[in-house]
Amino acid sequence: MDSITFRLNGTEVTITSPGTRRLLDVLREDFSMTAAKEGCGEGECGACSVLKDGRVVNSCMVPVGSIQGCEIVTLEGLRESEQGKRIIDAFVQSGSVQCGFCTPGMVMAAASLLAEHPRPSEAEVREGLSGNLCRCTGYDAIVRGVILASREGEGL
Amino acid sequence: MTDSYYPKSLSEALELRRETGAIPFAGGTDLMVRFRAQAGTLPKLPHPVLFLGHLEELRQISMDSSGTHIGASALLSDIGVSEHVHPMLSETVMLMASPPLRNLATLAGNIGNASPAGDAVCSLIALDASVVLASLSGERTLLLEEFITGPGKTVMKSDEFIREIVVPADQPDRYWYRKVGTRKANALSKLSLSAMATVHEHRVQDFRAAFGAVGPVVIRRRDLEAQVRGMTLDQLSRETEGIVDAYRPHIIPIDDQRSQAVYRLQASLNLLRRWIDLLMQGG
Ligand SMILES: Cc1cc2nc3c(=O)[nH]c(=O)nc-3n(C[C@H](O)[C@H](O)[C@H](O)COP(=O)(O)OP(=O)(O)OC[C@H]3O[C@@H](n4cnc5c(N)ncnc54)[C@H](O)[C@@H]3O)c2cc1C
Ligand code: FES
Ligand code: FES
C-alpha cells in the first residue's frame, strides 16, 4: 500500500492504495464518481476517458501510483466548468446521446480536442473522437454536437 | 511489500532499477493490457513496476548535430507534432492507437514491447535509430536493430532501461510509410512498410525498406539494399521483379487473428513494388 496524492476535479486528494490499481477503479469505488465507465478494460473503447493534466487518457490504462501530483478531471468536474456546460448543452441540442454509455467519454474527448483545436474541422473532430466507440448513434450526431460546442460562445 | 515505485529523478530510477529489479513502466498501454485481470481487480503484473512516465528528464525531445533525441517517456502525441522529429516518424506515430492512448504511450514502450508489429519500431529501424540504455554503471548505445532480438526479446540487462532514442540527422531525401490495418484507429498492423530513398541524377544513392509484422522481428535487409544502391532508374525499372523476388524469402509472416500469412506476404511485396514505382515516377 502506498500513500498517493493527486488533484481530482480541482481538489487535492490523498488515498492509500496499491500503486498499480487502475485509476478507473479508484474513481468509481473510492470517490463514487461513476461517469467514467468500464467498457472494455483494454484501451479500445474510451468509455473510461478522463483528463490527465488537460489531455484525454483512458483511465483503465492508468495505475493510480503513476499520477502523483497530476491534475485529473472527470465529467463530474468538467460539467461545472463553462467549457463542460457548453459541450453538454451542444450534445443535448444535437441529439448526441442515446443510451448514454459512451457519452461521458465522448465529452472528455471533446474537451481535450477543443482545448487543442478551438475550431476543429469535421475531420479533426472525427480524428479526435476516434478512440471512443459508440454503439448507438452512428457518430454523426456526436460530431455535430462537438462542432456546435466549438461555435457556441462565439455568437455562431 | 510494494507493487510499484515512483522515483523522483532519473538517478533515483536507476538506483531502484538496480536494487529492486522492478520492470520499467512508461504509458502502460501494453503492460496494462497484457496483465489485465478481472474488472475491478489489480492487474496481474508479475513483478513490481518502476514508473518512468512522469520523469521530465525522460520526456524531452531535442535536436543537435548528431540528430534528434527523443526521451524514453516522451508521449506519442508530443512526438507526432514535434518540429524536431522526422516526418516519417511523425506520420507513423499519429497512426498508432488513438488520441487518448497516444497521450499515455511512448516510443520506449513500443520498443520495450519488442513486437514485430510495433509500428514505431518499424520506422525507427528504417531511420537507423539507436537506443541509449542507462544503468548505474553508465550508458551504452545500440542500433535498434541489434537491441530487439525476437518477439518480446531484447538485449536489455536487468539493471538497465532505455533513456532515449536517437534518430540520425542525415536521412535519405524521400520516404513512404504504409500501414495496413483493419481500421484507422486502435488497429494493430496486419503489415507495414517504412521505406526511404535518395535518387540523384537518375541514380539510386540510398535505398531502405523495413517491413513490420511479417517475421519474428522487423525485417530490414541491408544486403539487398546494397544491391539496389547505385542502380540507375532504368535499371531499377528493369530489375523491379528481381528486387521483389529477392525480398520474397525474407518476408516470413504467420497466420494470426489479425491476418493471414499469404495475404501479408503478397501485400508486403505489392507495397515494395509500389514504392519502387513511386521512385521511378518522382526520380
Ligand atoms: C487499443 C490499443 C491500440 C494500440 N495500437 C497500436 C498501434 O497502432 N501500433 C503499435 O505499434 N502499437 C499499438 N498499441 C500498443 C502500445 O500502445 C504501444 O506499443 C505503445 O507504444 C507502448 O508504449 P507504453 O509507454 O504504453 O508501454 P508500456 O506498457 O509502459 O511498456 C511496454 C513495454 O516496454 C517496456 N518499457 C517501457 N519503458 C521502457 C524503458 N524506458 N526502457 C526499457 N523498457 C521500457 C515495459 O517494461 C514493457 O515491457 C496499441 C495498444 C492498445 C491498447
Ligand atoms: S474501458 Fe478503458 S478504453 Fe474501454
Ligand atoms: S449513445 Fe449508446 S454507446 Fe453511444
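Visitor: At about what angle does helix α4 of chain A run to β3(A)?
Guide: This is a predicted model. Helix α4 covers residues 103-116 of chain A. It lies across β3, β4 and β5 (71-73) of chain A. Its angle to β3(A) is about 30 degrees.

Visitor: In which sense do β3(A) and β4(A) pair?
Guide: Strand β3 of chain A spans residues 49-52. A:Val50 stands opposite A:Val57 in β4(A). The two strands share 4 bridges, and the sense is antiparallel.

Visitor: What is the strand order of the open sheet in chain A?
Guide: The sheet has 5 strands, with mixed pairing. Neighbouring strands are turned by 40 degrees against each other on average, direction ignored. The order is β2-β1-β5-β3-β4.

Visitor: Which strands of chain A stand at the edges of this sheet?
Guide: An edge strand here has a single partner strand, so one side of it is left without a neighbour in the sheet.

Visitor: What area is buried between chain B and chain A?
Guide: The size of an interface is often given as the accessible area lost when the parts come together. Here 33 residues of chain B are in contact with 32 residues of chain A. Carbon and sulfur atoms give 53% of the buried area. The area is about 2600 Å².

Visitor: How many salt bridges does the rule find across the interface of chain B and chain A?
Guide: Side chains of opposite charge can pair when their charged atoms come close. The side chains of B:Arg102 and A:Glu127 do so at 2.6 Å, N to O, inside the 4 Å cut-off. Across the interface, the count of salt bridges is 4.

Visitor: Which element gives the most to the side of chain B that touches chain A?
Guide: The polar contacts between the chains come to 13 residue pairs. On chain B, α2 (31-34), β3 (49-51), α3 (76-79) and α5 (99-102) each supply at least two residues of the touching side. By class, that side has 16 nonpolar, 11 polar and 6 charged residues. With 4 residues, the element that gives the most is α5(B).

Visitor: How many residues apart are B:Arg222 and B:Asp128?
Guide: The whole structure holds 27 salt bridges over all chains. B:Arg222 and B:Asp128 meet in a salt bridge at 2.9 Å, N to O. B:Arg222 sits in helix α9 (residues 222-228) of chain B, and B:Asp128 in the loop between α7 (119-126) and β6 (130-135) of chain B. The pair links distant parts of the chain, and the separation is 94 residues.

Terms used. Residues numbered from 1 in each chain as written. Chains lettered and ligands numbered in written order. Predicted model: local features only at pLDDT ≥ 70, side-chain atom pairs only at ≥ 80, totals over all residues. Heavy atoms only, no water. Contact = heavy atoms within 4.5 Å. Buried area = accessible area lost by both parts, 1.4 Å probe. Polar contact = N/O pair within 3.5 Å; in protein donor to acceptor, adjacent residues only side chain to side chain. Nonpolar A, V, L, I, M, F, W, Y, C, P; charged D, E, K, R; others polar. Pairing = 2+ DSSP bridges. Axes fitted to C-alpha atoms, helices over the stretch in contact; angles between N-to-C directions.
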